[in-house]
Amino acid sequence: MTWGPSLQGIDRRLVQNFEWPLLGLVLGVSLVGVVNLISASPEAADGGIPATAWRQLTWLGIGGVAMLAVVIPDYRTLERFALPFYGLCVALLALALIAGPVINGSQRWLILGPVRIQPSELCKLALILLLARALQRRAGSPALDLRELALPGLLVAIPCVLVLRQPDLGTTLLLALVAGTFVLFSRVKVRLLAGLAAAGIGSVGLAWFYYLHDYQKERLLTFLEPERDPLGSAYHAIQSQIAVGSGGMFGRGFLRGPQSQLDFLPEQQTDFVFSVLGEEWGFFGAALVLLLYLAILVRGLMIARASKDAFGAYVALGVVSLFFWGGAINVGMVLGSLPVVGVPLPFLSYGGSSLLTCLLGAGLLMNISMRRYVF
């Protein structure tokens, strides 16, 4: 008896071509993140696993199931849901500004029973799917002009404005960079690229005078002149650099970092979690984690290149750009090379919404990879 191309409703080629390398890399980095969160919790020195690490491990389980669930449907069917998903995310962003709780001066979250979600995280994936849908329909067409970029630009601007109002400068910047990556890899005239760059510079000035809060301006000014407020707006960056520098080549050891264990380092479980990694595991441990990140990015680019259709290639490119820009901004911020703007480190920073979004993005990459032979 022969089963043909499918086995009990599941195409055997999907099982044979399961994306094991990417799955292993993603789970490996995520588990390093859980261990690092234990280090980032001063109470862990007393023994046991802190509540933050347990919650992150729970979200890792939920996100892992969601990641595998995303692999099941053909990714090409997601194209028809791109616009409704985008609309839902924009509606949730608006709802967060209206009814969301104010936490640390920001309205970024929605409380759904025992779960707290951050709509701006899911909006990253929604924007990737929508831009991939728009660009794949023009595959093989002449270079884009300004008129054809007007609608995609508006679709990018809407969530950016809502996220900036929360306020969340880091996520706004990340959304803009992901959108810019799509433009760079599309057929766009050089003169138009120059015009878009000029418009981007102009929007920075507009944001400075009309959208940025005083504390956000102070962070940018402190980046240019750290000594202006070492105990205030520059405190995060200075303590972060002290933590990373004190780690030396091989680090101080697990739960032995004074910056984290004595609670000198603010936001050490979220935006500055890489500082804990550098302090306790040193240059060698931090470099190893960055190599794992690089492997994820390279694997993602290989998947984009091997995709048999433009939609899959653009989605893979968008997910890779999300991981790249998120990691680059966070590490640059921790090392003092970039201003402190509040961008979580993919897979490592504490936060259920962020981890779930990253795992869903990895699931999309796995989906595209597994179906490169199934056409």
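So, the largest cavity here has a volume of about 80 Å³. By cavity I mean a set of points, on a 1 Å grid over the protein atoms alone, where a 1.4 Å probe fits but cannot get out; the volume is the space filled by probe spheres set on those points, which are joined across faces, edges and corners. Thirteen residues, or 13 on the slide, line that cavity, and closest to its centre sit Glu121, Lys124, Leu322, Pro346 and Cys358. Lining residues have an atom within 4 Å of a point. Two or more of them come from each of α5 (119–136), α13 (310–334) and α14 (352–370). Searching the whole structure for cavities of 30 Å³ or more turns up one.

Quick housekeeping. This is a predicted model, where local features need pLDDT of at least 70 and side-chain atom pairs pLDDT 80 or more, while totals for chains, interfaces and linings use all residues. Numbering runs from 1 along each chain as its sequence is written, and side-chain values use heavy atoms, with hydrogens and water left out.

Zooming out, the protein has 14 helices and four strands, taken as DSSP runs numbered from the N terminus (H or I, at least four residues; E, at least two). Of its 375 residues, 49% are buried, meaning under 20% relative accessible area with a 1.4 Å probe, protein chains only.

Lastly, Met249 lies in the loop between α10 (235–246) and α11 (258–261). Is Met249 buried or partly exposed? Partly exposed, at a relative accessible area of 47%; that class runs between the buried limit and 50%.

Key:
1 Å grid on protein atoms, 1.4 Å probe; cavity = no way out; pocket = protein on both sides within 12 Å on 5 of 7 lines; lining within 4 Å.
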